[in-house]
Structures are given as structure tokens and as C-alpha cells.
Amino acid sequence: MFKKISATLAKFVSPKYFYQHSSRILFVSTFFTVFLLSIGLISGLFFAPADYQQGDAFRIMYVHVPAAFLSLAIYSFMTLCALLILVWRIKLAEIFLKVSVSIGLSMTFIALVTGSIWGKPMWGTAWIWDARLTSELILFFIYFAILAIANAIRDSTTSAKASSIIVLLGAIDIPIVHYSVNWWNTLHQGATIIQLSKPSMSIAMLYPLLLMIAGFITYTFSLILYRTRTEILLKK
Amino acid sequence: MKLLNMSGYALYVWSAYGIAIAVLAVNVYLSIKARRKATLSSLKKK
């Protein structure tokens, strides 16, 4: 029984099986990415009402929040991959980890830059050593370190192991980024959507944001699938 | 015109969107470029 389960699992995580069965999923997720990002951008830029305090500057939120969310989500996914690499030596997890780093780095870059652009007119400064901003900057450097290590080591298995260790060490920053607004007095605002009571945002402003978050998720998912297929093709 | 002006925050809003879209587009471009390279090397091996 146990042998049968492990054989089935081994089949699902084999790069060959993944390559054969991922093209349809990639097609569907690419379609949803184009659809969700188009609708999200149009509704965020043209239909969402202006904020009574921030005016139209609040529209930066529609690219800043999804990018910041994905910067944490991708790292969490990489942490899971790192565990799968170190414990079970799963080849597919090695490829997932390798292709996710640069996507995570670019999401963190978007979050930092758009946050600075938004901060300039709202806070009067583009940068402050606030807990949320500083921990997000540290996350950017962690992504950069993983990318550097992954590219510096030629042997793919050694590179994946070294990257996994750095990913696990860097994972401590994820709860710090997320809870920094609760643990310290920060200039950055607290949670707006994920609250136990109810979101402190009008529905007209919230639905384009949810569409953009969904669009960024499908974008990342599609890109990971596409790059993983490329890596498998290279190793064939 | 009112939309382009973004109630006086045009520079901030459009530059934020421009940078975000450019980074997302570069990611897609690099992925397609790597795929073409992989396909070519795979064909050469065959």
C-alpha cells in the first residue's frame, strides 16, 4: 500500500510527467492572467472612485499591494520547495526553486519602487527606515543572495542544496515583514483587506484590487510553469 | 484629460504603473528568449 502511494507520488513529481501534462494548464492560466489583469487595470484606473484623502494617488495601490503580496507568497512557496529538496531530494522542486527566485526578486522590486513613489506625495518622503519598508528591503537582498548563489555554483544539485539552506535561513524575514505593522509603530499602514472584522475599504475600491491580486497570482503561476518547462527541455 | 492628470498625481501614478508593467513585460520577454534558446539546443542535440 505504502509502496503504491509513493510510486504514484513519484510519478506526479517527475519532471517528465510535469512536462507532458502542464501545457494545458499553462494555456488556461495565461488566458486568465490576460483577462484578470486587463479587467483589473481598467476598473482600477477608470472605474474605482478617487480616495477622499489621497485623491487619485491611491490607484498606485493596484500594483503595489499585489506585488508586495506576491513577494511574500513566492518566498513561502520557495521555502516549501527548499524543504522538499533537503528532505526528499525532489528534482521538480529544485527546478521550481530555481525559476521562482528571479520572479520573487522582481515582485519585491516592484513593491519597493511603487511604495516609494506612493510615499513621496503621501508621507512627504520616498524612503524611511520604517519596520515594514526595512524588512521588505531585507527580503530583496535575501532574494538577491539566493540568485547569486544559484548562479555561482555550476552543479545543479549542489546549487539547489545551497540555495535551499539560504531560503530556509531567510524565511525568518517573512513573518517579520507581515507582522511588522502590528509589532512596531510604523508609518506604513496596517492590514486593510485581511481583517477579522471586515475590510476597511469601499467595495468599489476593493474589487479591482482583488482582480489585480488574482491577476498577479495567475501571472506568477504561468511564468513558473513556463520557465519550469524550459528548464526541463534544457535538461532533456 | 482628467484621467491623465490623476488629480495632480499623474507623475507618481503613471510612473508607478509604467515601472510595474515594464518589469512584468521584461520577465515575460526573458522567459520567451530562454525558451527559444532551449528549443534550439534541444533540436541541435537531436
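In this briefing, Ala, Val, Leu, Ile, Met, Phe, Trp, Tyr, Cys and Pro count as nonpolar, Asp, Glu, Lys and Arg as charged, and the others, Gly among them, as polar. By these classes, the lining of the largest pocket holds 29 nonpolar, 15 polar and three charged residues. The structure is a predicted model, in which local features need pLDDT of at least 70 and side-chain atom pairs count only at pLDDT 80 or more, while totals for chains, interfaces and linings use all residues; side-chain values use heavy atoms, with hydrogens and water left out. Residues are numbered from 1 along each chain as its sequence is written, and chains are lettered from A and ligands numbered from 1 in the order in which they are written.

**Pockets**

- The largest pocket has a volume of about 1200 Å³. A pocket is an open set of points on a 1 Å grid over the protein atoms alone, where a 1.4 Å probe fits and protein lies on both sides within 12 Å along at least five of seven lines; lining residues have an atom within 4 Å of a point. Its volume is the space filled by probe spheres set on the points, which are joined across faces, edges and corners.
- The largest pocket is lined by 47 residues, of which Val65(A), Arg132(A), His188(A), Gln189(A) and Gly190(A) are the closest to its centre.
- Two or more residues of the lining of the largest pocket come from each of helix 4 (61-88), helix 5 (91-123), helix 6 (131-152), helix 8 (173-183) and helix 9 (203-235) of chain A. Helices (H or I, at least four residues) and strands (E, at least two) are DSSP runs, numbered from the N terminus.
- The second largest pocket has a volume of about 460 Å³. Among its 18 lining residues, Lys98(A), Ser102(A), Arg227(A), Glu231(A) and Ala34(B) are the closest to the centre.
- Helix 5, helix 6 and helix 9 of chain A and helix 2 (10-45) of chain B each give at least two residues to the lining of the second largest pocket. Helix 2 of chain B gives the most, with seven residues.
- The lining of the second largest pocket consists of eight nonpolar, six polar and four charged residues.

**Salt bridges**

- Over all chains, the whole structure has three salt bridges, each defined as a side-chain nitrogen of Lys or Arg within 4 Å of a carboxyl oxygen of Asp or Glu.
- Lys98(A) forms a salt bridge with Glu231(A), with the closest N and O atoms 3.1 Å apart. Lys98(A) lies in helix 5 and Glu231(A) in helix 9 of chain A, so the pair ties together parts that are 133 residues apart in sequence.
- Lys98(A) is partly exposed at 46% relative accessible area, whereas Glu231(A) is buried at 14%. Buried means under 20% relative accessible area, exposed over 50%, and partly exposed in between (1.4 Å probe, protein chains only).
- Lys91(A) pairs with Glu94(A) in a salt bridge whose closest N and O atoms are 3.7 Å apart. Both residues lie in helix 5 of chain A, three residues apart, about one turn of the helix. Lys91(A) is partly exposed at 44%, and Glu94(A) is buried at 8%.
- Arg59(A) forms a salt bridge with Asp56(A), the closest N and O atoms being 2.7 Å apart. Arg59(A) is buried at 5% relative accessibility, and Asp56(A) is buried at 11%.

**Nonpolar surface patch**

- Ile42(A), Phe46(A), Phe47(A), Tyr207(A), Leu3(B), Leu4(B) and Trp14(B) form a nonpolar patch on the surface, with about 690 Å² of accessible area together. Patches are made of residues with over 30% relative accessible area and no salt bridge, with like charges joined within 9 Å and nonpolar side chains (Val, Leu, Ile, Met, Phe, Trp, Tyr) within 5 Å. Accessible areas come from the Shrake-Rupley method with a 1.4 Å probe; for residues, only the protein chains shown count as cover.
- Helix 3 (23-47) of chain A and helix 1 (2-5) of chain B each supply at least two residues of the patch, and helix 3 of chain A gives the most, with three.
- Phe46(A) lies in helix 3 of chain A and is partly exposed at 46% relative accessibility.

**Chain B**

- Chain B has two helices and zero strands, and its C-alpha trace spans about 60 × 15 × 5 Å along its principal axes.
- Of the 46 residues in chain B, 28% are buried.
- Met6(B) is in the loop between helix 1 and helix 2 of chain B and has a positive phi of about 50 degrees although it is not a glycine. Met6(B) is buried at 1% relative accessibility.
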